[in-house]
Amino acid sequence: MTDEHLFPTLTATQLARIATHGKTRTVAAGDVLVEEGQSDFPLIVVADGELDVLRTTCDGEELVTKHHKGQFSGELNLLTGRRGLATIRAAAASEVIEVPRDALLALVQTDAELSEIVMRAFILRRAILLERNFSDVLILGSAFSPRTLAIREFLARNAHPSTYIDLDEDASAQEILDHFHVSADQIPLVICRRTTILRDPTNAELADCLGFNQSIDVDERHLRDVVIIGAGPAGLGAAVYAASEGLDVLVVESNAPGGQAGSSMRIENYLGFPSGITGQELATRAFTQAEKFGAQMIIARSATRLHCDQRPYTVEIDANTRIAARTIIIATGAEYRGLPIRNLSNFAGAGVYYLATPMEAQLCKDEPVIIVGGGNSAGQAAVYLADKTDRVLMLVRSGALAETMSRYLVRRIESNPAIEVRTNSEVVALEGDHHLERVQCRSNSDSTETTENVRHLFVMTGALPATKWLDGCLSLDDHGFIKTGPDLTREDLDAMQWPLARPPYLLETSLPSVFAVGDVRGGNIKRVASAVGEGSIAVAFVHQVLQQ
């Protein structure tokens, strides 16, 4: 990463092109062009002069950087329409070009050269913000609080920087709680934008406070070309292709972009990334790419029902809003499958985890961990955690890793002395008070049981399709996955009263104009590349439906 890419200087020719998308004006020294926390702000390009970028701290204002002639402000929040993280003030009498967000989106879609410069700078700047915890949200919580971990994961998965204070470790914890009149059972406490105090907020409440969805006007009278439910690799793939081809696209995501793949610390078999890429980075780049082309994204909102009794179909969001669409792509993926253990939920976030990210790795640093599962997610977690923890024990129900895992991961696990693999094994009991302390394991080969003094258990045993909200609208297979295309039998179509003379398209469900892609679809190959491919293929059929 270089300053040339982080803070590029535009040429006179580039400045002239960008000026056609905005308004040029003169500002005096001390004039504020953008306020920290502002909900609608433009790209600021310095045609002449100098701008200060400032943040508010407990000690007052802090200079973050300066923008000189030819440089421009902004990072990913400008592209997504979320609130600004800094104040921009003229350091001297200056001439600036102000480019509204809508005009900026048009610019990055039509000018390839400027698009590359602006998008690269925005992505690199967001990476710096995350690295330095440059944030508008402060989390006060405990490592023993499952909800604290959930909030930190939600923000991290959405690539939103945050600052965290561990009340178990901070000497001034009680003073902080007393200052905000909060008892220990009300944590986590979240201070949002330094103006709003949220006590144990839901993800939706936090998203609202931070302005995740503020740029999106959900008009129930607006009939969209395509609504995509889910922003995993399949949903994001569909969003990028649909938006880039000029369709009116809305994506609804219940948690964060990336799906299960977004939690992977290293994907090494995805085309074009020979050194690997984290799931988080891949998801953030895909999310940004979709927004660049004009796709709208609703975060922390769930599709609760598909109304399929009349056209156009509508998707109900959080039981109070209906979104109408000419076509629908279902990419809801699958929910993590737990273990058949009575007290498993007692330790969720307090020793039992379903993701292996830097956040969880920090919690179990230099301690032994157990991973349950034999698929690629489990293998990627084992390789990642082996470098962060004392020891990794993998419990696999089948007789060998190779049955369910990519060969390159099997070889890496077998060659790592920090990873122990026990096949034909499973967890049968968990013990502990407020936090997991011991894990009881059983070998199914000889029925022997052992107790491991392990405080961290990662459950990666597959997932169940997220189809409960469909309410009988679509034909499902025996495991609850959505049947599509050739997998739909004549009996399936008759039972669902298929109304058309043509058979369903390749990824079309038993409901015309509704498609299913990714892990939620029966017969799907559970790989990121195939999910992205299905998303793009579905868009090709969406075009055919829209032309009919």
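Which cysteine does a disulfide join to cysteine 192? In this predicted model, the partner is cysteine 209, with an S to S distance of 2.1 Å. Cysteine 192 belongs to strand β10 (residues 189-192) and cysteine 209 to helix α8 (residues 203-210), so the bond ties together parts 17 residues apart in sequence. The torsion about this S-S bond is about -120°, so the disulfide is left-handed. Both cysteine 192 and cysteine 209 are buried.

The structure holds 2 disulfides. In the other, the sulfur atoms of cysteine 308 and cysteine 473 lie 2.0 Å apart. Cysteine 308 sits in the loop between β15 (303-307) and β16 (313-317), and cysteine 473 in the loop between β27 (463-465) and α14 (490-495), so this pair ties together parts 165 residues apart in sequence. The link is left-handed, with -80° about the S-S bond. Cysteine 308 counts as partly exposed at 25% relative accessibility, whereas cysteine 473, at 6%, counts as buried.

Cysteine 364 is in no disulfide. The nearest cysteine sulfur, that of cysteine 441, is 16 Å away, too far for a bond. Cysteine 364 is buried, with a relative accessible area of 0%, and cysteine 441 is buried at 2%.

Next, the rings. There are 5 aromatic pairs. In one of them, tyrosine 353 and phenylalanine 458 have ring centres 5.1 Å apart and planes at 45°, so the pair is tilted. Tyrosine 353 lies in strand β19 (residues 352-353) and phenylalanine 458 in strand β26 (residues 457-459), so the contact ties together parts 105 residues apart in sequence. Both tyrosine 353 and phenylalanine 458 are buried.

Methods. Residues numbered from 1 in each chain as written. Predicted model: local features only at pLDDT ≥ 70, side-chain atom pairs only at ≥ 80, totals over all residues. Heavy atoms only, no water. Phe/Tyr/Trp six-rings, centres within 6.5 Å; stacked < 30°, edge-to-face > 60°. Helix = DSSP H or I, 4+ residues; strand = E, 2+ residues; numbered from the N terminus. Buried < 20%, exposed > 50% of the residue type's maximum accessible area, 1.4 Å probe, protein only. Disulfide = S-S within 2.5 Å.
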